[in-house]
Amino acid sequence: MKQSWSHIFAMFMRYSYLHKRSIPRAFEIAFWPVMELLVWGFVSLYIQQVAHGALSKIIVFLINAMIFWDILYRSQQAIALSFVQDVWTQNIINILVTPLRIWEWIVAAFIYGFVKILIILIILSVLALGLYNFNLIETQGLYLIPMSLNLLLFGGSVGLITSSLILRWGLAAEALIWGVPFLLQPISAVFYPLSILPPWLQVIAMGLPSTYIFEGMRTIVKEGSLSLDYLLLPFFLNIFYFIVSALIFLWMYRQAQIHGRLSKLGMD
Amino acid sequence: MSPLLPLIEIKDLCKQFPGTLALNHFNLTLQNGEIVGLLGPNGAGKTTAMHTLLGILTPTSGEVSVLGMSPFKERHVIAQNINFSSAYVQLPTNLTVMENLKTFARLYAVPNAKNKISDLLELFEISYLTKRLTGALSSGEKTRLNLCKCLLNDPQLLLLDEPTASLDPEIADTVRKILKKFNQEKNIGILYTSHNMPEIEQLCDRIVFIHQGRVLAEGTPKEVIQKFSTQNLEQVFIKIVRGEYQ
């Protein structure tokens, strides 16, 4: 176990070193989330003004949705980019021939993603409070913790699937790292209630843990409390998705071993 | 692992890729403390054999044992006791020399890593590079850094794929001497590929010539040269590649 922690710490530090020296990389952690917050925040203010107070809660809905979406998106990015980092630098074989186990690699990427998201959350919360008088903690209360963890886990599973695609198609699939989460955005009812979707799409949406979290977020804003179902159902779905995505990753890894793709990763 | 067991034992190994038989009933053994040169033209199957030994490529058929274990069932145990370097595999260019070595020291759970890293950097005469970004190193410096990484975990077995490919003759000579020293003092087994035939003659106890996935010749460099009635290994190489042999 001690050795496993040493491996996890090694990979966590390997990813963290990248931010230590490079100002652009350090900025990269918060740049896009902050830009999104500014745009969505000002759009919300504008809508509020135009609607003359009829949509008083629009700013709360939209900023909450934007921050929650960012947790999911950054979590997916953390996993997929951690993996592809070693493909880009042609270091993947050096890593694969060490005693590092796949699960240790995944845990390290999850921890790295978690720390990154925590930093983003803090920055966004402070900015939203200063600019729009929006208090994330006051709005979501303690629900914020299980909801964020659910999004983190789902983002991680999507990140694993994305990494599996890179194992299969190499850097030709690189664009999917940025694209795959946006396949989920319209179905997850991020910025609008589930009821807006056509009935057949609602059925699909109910199969995604993210939908429950975004619906739950709006329920908390409206009613101030939340049924436990909004946390437990996505949690169980997350367990299912995590197992499935880990199995897909392992299967793709085995296939890459058989077809000799591991040694060619990053060379395409 | 029993000292009598070979470090590497490959029996009847075949690896079929679509349209190519990369390894064709390939056999190889490497004993404790032995340096074996795996020679052959590009595409002969050398890297395929190495990647199979490292457990990152599954064979189509045949038996592979490293340190008496299967690289597919007990890869993590084996990985702790072997290491690998290739002229074609890089360490992350966006990390410094020290960050890279610290990362791999942690991955190999190296005790007293700081001292170990410092000793190796000194041995390869690159102590002055610790804070330099790996991407800013010359290819010779990168190769020496790779070899430092290789020796971090005091391996019993080293798999080196053209490790001196980008070195100038003086540094290449230093590297060979260091490898020979480690081999003799610590009884490390080394599987070595290179296209530099004089280097192979100088360094290897035994060579295995491979062409189109098959072993064509095996023995000490002297024995192989005699067998092909040539002056040196370079001529053997040319004869084999051109098919000018019985």
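In strand E7 of chain B, B:Thr193 is the bridge partner of B:Leu38. This is a predicted model.

**Strand E3(B): pairing**

- E3(B) pairs with strand E7 (residues 189-193) of chain B in the parallel sense, over 4 bridges.
- E3(B) is also joined by 4 bridges to strand E8 (residues 206-211) of chain B, and these two run parallel.
- For B:Val36, the bridge partner in E8(B) is B:Arg206.

**Helices H7(A) and H8(A)**

- Helix H7 of chain A covers residues 144-169, and helix H8 of chain A covers residues 176-184.
- They pack at an angle of about 135 degrees, with their axes 10 Å apart.
- That angle makes H7(A) oblique to H8(A).
- The crossing of H7(A) and H8(A) is right-handed.
- H7(A) contributes A:Val158, A:Thr162 and A:Leu165 to the contact.
- H8(A) contributes A:Leu176, A:Ile177, A:Val180, A:Pro181 and A:Leu184.
- By class, the contact of H7(A) with H8(A) has 7 nonpolar residues, 1 polar and no charged.

**Helices H1(A) and H3(B)**

- This pair links helix H1 (residues 2-21) of chain A with helix H3 (residues 97-107) of chain B; their axes come within 7 Å and cross at roughly 160 degrees.
- H1(A) is therefore roughly antiparallel to H3(B), as the angle is over 145 degrees.
- The crossing of H1(A) and H3(B) is left-handed.
- On the H1(A) side, the residues are A:Ser6, A:His7, A:Phe9, A:Ala10, A:Met13, A:Arg14 and A:Tyr17.
- On the H3(B) side, they meet B:Glu99, B:Thr103, B:Arg106 and B:Leu107.
- The contact of H1(A) with H3(B) divides into 5 nonpolar, 3 polar and 3 charged residues.

Definitions and conventions:
Residues numbered from 1 in each chain as written. Chains lettered and ligands numbered in written order. Predicted model: local features only at pLDDT ≥ 70, side-chain atom pairs only at ≥ 80, totals over all residues. Axes fitted to C-alpha atoms, helices over the stretch in contact; angles between N-to-C directions. Parallel < 35°, antiparallel > 145°, perpendicular 65-115°, else oblique. Left-handed = near helix turned anticlockwise from the far one by under 90°. Contact = placed C-beta atoms within 7 Å. Nonpolar A, V, L, I, M, F, W, Y, C, P; charged D, E, K, R; others polar. Pairing = 2+ DSSP bridges.
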